[in-house]
Amino acid sequence: MNNIAKLILLSISVYIVWTFSTYILEGRVNLLQRVDPIGRIEYAVVVNILIGTIFAFVMLRTSLRARFVTSEQLGFQSLRRILTLVVIAFVIGFVLFLSSNPVAGSVNATVIANIFAQTLPTSIAEVVVCWAVVGTVFESLVRSKMHGKGDDSNWKNETILHLNWTSIKGRKVTTVSVVSIIVGSIVSIVLFGIYHFAHSPPFNQPNMVLFLMIPAILTSVFYFIGREIYSTITIHNFLALIGVSGSIDVTALTQPLYPVIIIAFISVLVLIASDVFPLKTSFH
């Protein structure tokens with residue numbers, strides 16, 4: 001087995017472990033259909049923070065060391081770019097939420113904050129696993145097959161590593177970059193949909209799985225064009241907010257859920273820590 005095949009297998013293995021753990025702690029016990037605060041905390045911490053974020057990023061270091069993907073390709077950018085794109089994603093996400101005809105109670109600021117915090121650890125893990133861990137590796141696979149990684153000096157200076165907004169503005173769009181992000185996007189979206197079979201009803205129903213792939217297209221646009229992971233998670237979580245707010249009883253969320261907010265805060269800190277230390281140190 002060659003090195004590229006090993007990297008592909010490793011990324012798929014991360015996805016399988018994360019999906020299986022989702023089934024064990026969530027789908028198998030229909031967690032989302034029950035009032036079980038301890039179970040939900042356990043699910044958020046074990047499945048989405050420990051496995052879907054920390055474990056996933058640890059496994060990504062192998063692809064980084066092999067220079068098969070880069071930290072920039074994964075979506076870790078400068079602070080200025082992060083803040084700019086997060087603000088854009090927040091505005092777009094909030095407008096989409098308001099235009100989705102939310103029920104009156106879900107427009108309450110506390111309700112929005114509670115739901116946003118509740119879905120955030122899951123959204124982080126979904127973007128990290130489906131898009132960063134698997135999507136970028138398949139994107140790089142296409143590039144390596146179409147352009148010949150070993151024979152092209154551009155793989156060293158990274159001038160055509162991936163398509164992003166800068167390359168679009170500079171008219172440096174290549175067929176290789178376009179095809180690679182299309183493949184990466186399709187793989188990410190399909191795996192994101194399939195992963196929902198490990199969830200509680202109604203999210204594990206075939207029609208729902210297919211439906212959830214539609215908004216995931218916007219996630220792929222933010223990720224593969226914007227190349228910034230925080231804004232991708234922001235827009236992705238707003239899409240989750242829209243879905244969840246229309247399917248739960250919001251009257252129970254009119255008071256701040258501090259444990260949920262704390263776990264969401266921890267999940268963001270873990271993401272930032274993965275950016276600042278493990279990934280960047282493994283690349284240099």
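Contact here means heavy atoms within 4.5 Å, and helices (H or I, at least four residues) are DSSP runs numbered from the N terminus. The structure is a predicted model, in which local features need pLDDT of at least 70 and side-chain atom pairs count only at pLDDT 80 or more, while totals for chains, interfaces and linings use all residues. Residues are numbered from 1 along each chain as its sequence is written, and side-chain values use heavy atoms, with hydrogens and water left out.

**View 1. Residues in contact between helices α4 and α11.** From α4, Ile82, Leu85, Val86, Ala89, Phe90, Ile92, Gly93, Phe94, Leu96 and Phe97 meet Tyr230, Ser231, Thr234, Ile235, Phe238, Leu239, Leu241, Ile242 and Ser245 of α11. By class, the residues of this contact comprise 15 nonpolar, 4 polar and no charged (Ala, Val, Leu, Ile, Met, Phe, Trp, Tyr, Cys and Pro count as nonpolar, Asp, Glu, Lys and Arg as charged, and the others, Gly among them, as polar).

**View 2. The axes of α4 and α11.** The axes of α4 (residues 79-99) and α11 (residues 229-245) come within 8 Å and cross at roughly 15°, so α4 is roughly parallel to α11 (angles under 35 degrees count as roughly parallel, over 145 as roughly antiparallel, 65 to 115 as roughly perpendicular and the rest as oblique). Axes are lines fitted to C-alpha atoms, for helices over the stretch in contact, and angles run from 0 to 180 degrees between N-to-C directions.

**View 3. The packing of α8 with α10.** Helix α8 (residues 175-195) packs against helix α10 (residues 216-226) at an angle of about 140°, with the axes 10 Å apart, which means that α8 is oblique to α10. Ile181, Gly184, Ser185, Ser188, Ile189 and Phe192 of α8 make the contact with Ala216, Ile217, Ser220, Phe224 and Ile225 of α10, and the contact has 7 nonpolar, 4 polar and no charged residues.

Note on methods
Helices (H or I, at least four residues) and strands (E, at least two) are DSSP runs, numbered from the N terminus.
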